Amino acid sequence: MAVALPMKAGLVLPTEPVMAVSALEAPGLEPSPEAKTFNPNLQPSNIGNINLFPSTKHLPLHDTKKYMYAYQTAGGTLPDNMKMFENRTNSDVMILTYKQDHRAETREGVHFVYGPNTTWTTGRNLLLQEIKQHELRQGWKYKYVTLMDHDIIFTTKSPLSKFERVLQNYEPAVGTAAIPGRDGDTKKYAKQGPILAVCAFDALFNAFHHEALDILLPYDQRYEAMSWYCSQQDIILRSSAMYKHHVLEVRHVKITNDEHSEYPKGGRYSRMKAAKEQQERFEAVLPRAITRCSRWPCEGERHQGEVRNKTWDYSDPTAHPKFANDAICPEGLFDRDLFDRDMFDRDLFDRDLFDHDLFDRVLFDRVMFDRGMFDCDMFDRDLFDHDLFDRDLFDHDMFDHDLFDHDLFDHDLFDRDLFDHDLFDRGVFDL
């Protein structure tokens, strides 16, 4: 499954990661020890100054204001569909505008951020940065921070109260709403009940528990110039491993979004290569008992685990109840056979890929065309994109003398049996 991440026209794609500097640098504060240990994105190579994302772990939760909702939009006239998040007693909203600055406006429970020249990913990271600074200023933190796109439409009555009730009752590490049409076999999933434990989920509407927030976020913005899908791809890879049974989709809260615009998507090979690099960084900070549980976002594999209540501290993935006995999952997507170091190495797509051995009897035998070869991931819309047919794939070696050599069209191809007297007899080409 290609995870859909709609973005809005008008955003400027930077050649280098963009991270605005907040007015409040919080001197002396830094990310928590757990975040610096278990979060591969809290590195200068990704976000520059990691202290722009200080820990708020020491802050208390508010008795009433439990939720922060945040989105980004161009500015000017704010979207009517997002007004439902304003003037609520149990939540606040933060709005990043990237064209028109609204910071001079004053609204109860609404906080504006100005982020010109941000992308989808860097804009969300800037929102996260400002939310943390806001929590430090007010002296308390939100239980859940929900990051969302500005064009979502709820098709459910009283969606926020229903969604928040699940967050309150189950306390998932990540909570998300259902998106009809993007959920794979909806009839099959409907049988699972109103709440589903998932491994793959769209970024349109994601609520992060305050303990999981510092472990999963900020987003990976290393691949912005290539594809804006990669930041959510990284969230899926790591959350599916660290928080199995605790990434919950609230299926009776449904959203849609119909706006689409141009933004970098990259090719499937490029995104898979990025996924391998993201997985390797993940494996560098956590033991294999956890990292082997990573799942690739294929619609056919969205359902993962069971719906469970929170029983452990999300800020420490090694505190998972089954970590000690190596039983979080039996095997994972990024196991040695599927995404090992040889999958994307230089030998895979080099000049020898399409040589005379490509079409021999071994390559196209019964193994190639078994049920596993042509699964849902192979022929998705991104498989045959611009990266597949680039100059390197079909270079001079593809059509070398070995591929179309004299043996291909030799005398046996047009022998006497193929065009014999029976082919052109009076019955085939008669009047």
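Guide: The model is a predicted one, in which local features need pLDDT of at least 70 and side-chain atom pairs pLDDT 80 or more, whereas totals for chains, interfaces and linings use all residues. Residues are numbered from 1 along each chain as its sequence is written, and side-chain values use heavy atoms, with hydrogens and water left out.

Searching the whole structure gives 2 cavities of 30 Å³ or more (a cavity is a set of points on a 1 Å grid over the protein atoms alone where a 1.4 Å probe fits but cannot get out, and lining residues have an atom within 4 Å of a point). Around the second largest cavity there are 13 lining residues, and those nearest its centre are Leu 42, Phe 53, Lys 132, Asp 214 and Leu 217. By class, this lining comprises 9 nonpolar, 2 polar and 2 charged residues (Ala, Val, Leu, Ile, Met, Phe, Trp, Tyr, Cys and Pro count as nonpolar, Asp, Glu, Lys and Arg as charged, and the others, Gly among them, as polar).

At least two lining residues come from each of helix H3 (120–138) and helix H6 (210–216) (helices, H or I of at least four residues, and strands, E of at least two, are DSSP runs numbered from the N terminus). The loop between strand E3 (110–114) and H3 holds Asn 117, whose phi is near 65°, a positive value in a residue other than glycine.

Leu 217, one of the residues nearest the cavity centre, is joined to Pro 218 by a cis peptide bond with omega near 10°, and Pro 218 belongs to the loop between H6 and H7. The residues in contact, meaning heavy atoms within 4.5 Å, include Leu 237 and Arg 238 of H7 and Ala 274 and Phe 282 of H8.

Technical notes. On a 1 Å grid over the protein atoms alone, a cavity is a set of points where a 1.4 Å probe fits but cannot get out, and a pocket is an open set with protein on both sides within 12 Å along at least five of seven lines; lining residues have an atom within 4 Å of a point. Grid points are joined across faces, edges and corners, and a volume is the space filled by probe spheres set on the points.
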